[in-house]
Amino acid sequence: MVGGFLGAGKTTAILRLAESLDRQGRRVGLITNDQSVGLVDTAMLAAHGFPVEEITGGCFCCRFNSLVDAAGRLAAGARPDVFIAEPVGSCTDLRASVSYPLRRMYGDSYAIAPLSVVVDPVRALRALDVEPGRSFTAKVLYVYRKQLEEASIIAINKIDAIEPARIAALTTALRREYPQARLFEVSARTGQGLDAWFDVLTREEATADADLDIDYATYGEGEALLGWVNATMRVAGADFDGNAFVRGVAIRIARALGDAGIEIAHLKMTLAPAGGDGDLAVLNQVRTEHAAELSHTLDGEISRGELIVNLRAEGDPARLAAALEDAVLEAGDTQSLVVTTVHQEHFRPGRPQPTHRLTPV
Ligand SMILES: Nc1nc2c(ncn2[C@@H]2O[C@H](COP(=O)(O)OP(=O)(O)O)[C@@H](O)[C@H]2O)c(=O)[nH]1
Ligand SMILES: [Mg+2]
């Protein structure tokens, strides 16, 4: 499992790990997880040609049997040598609710690798109070810190995008507060530092360390402070600039949420032309003040397309949904587009109730 908070770079790192294993001749199966359907991540990973199973409607820990079923489906089809699973970014206590149960029940068939937790360095510097700046409230940070507390490996990601001195400050803080974890400094984007981390993942097994001391009431409240919106929309017009449109939507959402004091955890969007040939715009934004990034852009103008939006932020889901709708309509207006909502849901994650909770024996 490659865990870590929303927007840390899990999916990007998993894709790199899958490619690395593939080059070594190992067959890989991927398992994505989310609270709801219509996922940008699944579409992105599948577009790279790897077999992917999606577990929706709850996290691995609360849908443990779905995780086992998904692994079973992959085993029956693509027959992977290695499974890589991405847990929901707002989940924690994964050792007790996923790793140990897997090992106890399926230890003869599977070896479980150490739990990795990926961090975005700017987010982590603020969460650990090393740097000032907009962050989440205390109960969300409780979940954030529990993720670090149970990590065997902490992968400090995005080192391509931050000054070395700030990484050094973060390393010092992480060593002090989470001495159990092995630290790696990596860039899932450029590939820097990944080999050393991946090497440990493929060679070592998870250890049975002390149980995570966690209060499920606080964890549940922290998780439920995050609002989730998933939407699928059809966009049509005379030939229009789809890249500018998704940028326009992101700018407007960030402005509205910033004015309301709401911190974005992760905003993801894809815009795919109707009947397209795999051409896609992909946008990501991981903080309210972070400039949105377009990691894939559309080659030319389009006249019709499907927009998928996944927004996770610390705020009332209805308010997030309204901000998204306003942003899409306004951005659409600037290019005289007609936008139709095909599917939209907004909610707070339910109380975490793991199927199993085992502690080491
Ligand atoms: N600069 C930089 N950005 C990265 C890196 N890894 C991931 N990102 C970006 O961070 C954002 C969130 O990444 P994603 O893999 O979707 O995060 P997840 O929510 O943890 O799965 C995307 O915009 C990625 O392109 C990295 O090593 N460097
Ligand atoms: Mg992801």
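Along the chain, the donors of the magnesium ion (ligand 2) follow the spacing T-x29-D-x44-E. In this predicted model, the protein donors are T11 (OG1), D41 (OD) and E86 (OE), lying 2.1 Å from the ion; donors are N, O and S atoms within 2.8 Å of the metal (3.2 Å for Na, K and Ca), and sites may look incomplete as water is not among the atoms. D41 belongs to helix α2 (residues 40-47) and E86 to strand β4, so the pair ties together parts that are 45 residues apart in sequence. Helices (H or I, at least four residues) and strands (E, at least two) are DSSP runs, numbered from the N terminus. D41 counts as buried at 11% relative accessibility, and E86 is buried with a relative accessible area of 7%. Buried means under 20% relative accessible area, exposed over 50%, and partly exposed in between (1.4 Å probe, protein chains only).

Residues are numbered from 1 along each chain as its sequence is written, with chains lettered from A and ligands numbered from 1 in the order in which they are written. Local features need pLDDT of at least 70 and side-chain atom pairs count only at pLDDT 80 or more, while totals for chains, interfaces and linings use all residues; side-chain values use heavy atoms, leaving out hydrogens and water.

Strand β4 is also part of an open sheet of three strands, with the order β3-β2-β4 and parallel pairing. Its edge strands, β3 (52-55) and β4 (82-86), each pair on one side only. From one strand to the next, the twist averages 20°. Four bridges join β2 (residues 28-33) to β3 in the parallel sense; two strands pair if DSSP finds at least two bridges between them. T32 has E54 as its bridge partner in β3. Helix α1 packs on the sheet, where it touches β2 and β4, and its direction makes about 175° with that of β4.

The axes of α1 (residues 10-23) and α8 (residues 194-203) come within 11 Å and cross at roughly 70°. Axes are lines fitted to C-alpha atoms, for helices over the stretch in contact, and angles run from 0 to 180 degrees between N-to-C directions. A13, R16, L17, S20 and L21 of α1 meet L194, W197, F198, L201 and T202 of α8, contact meaning heavy atoms within 4.5 Å.
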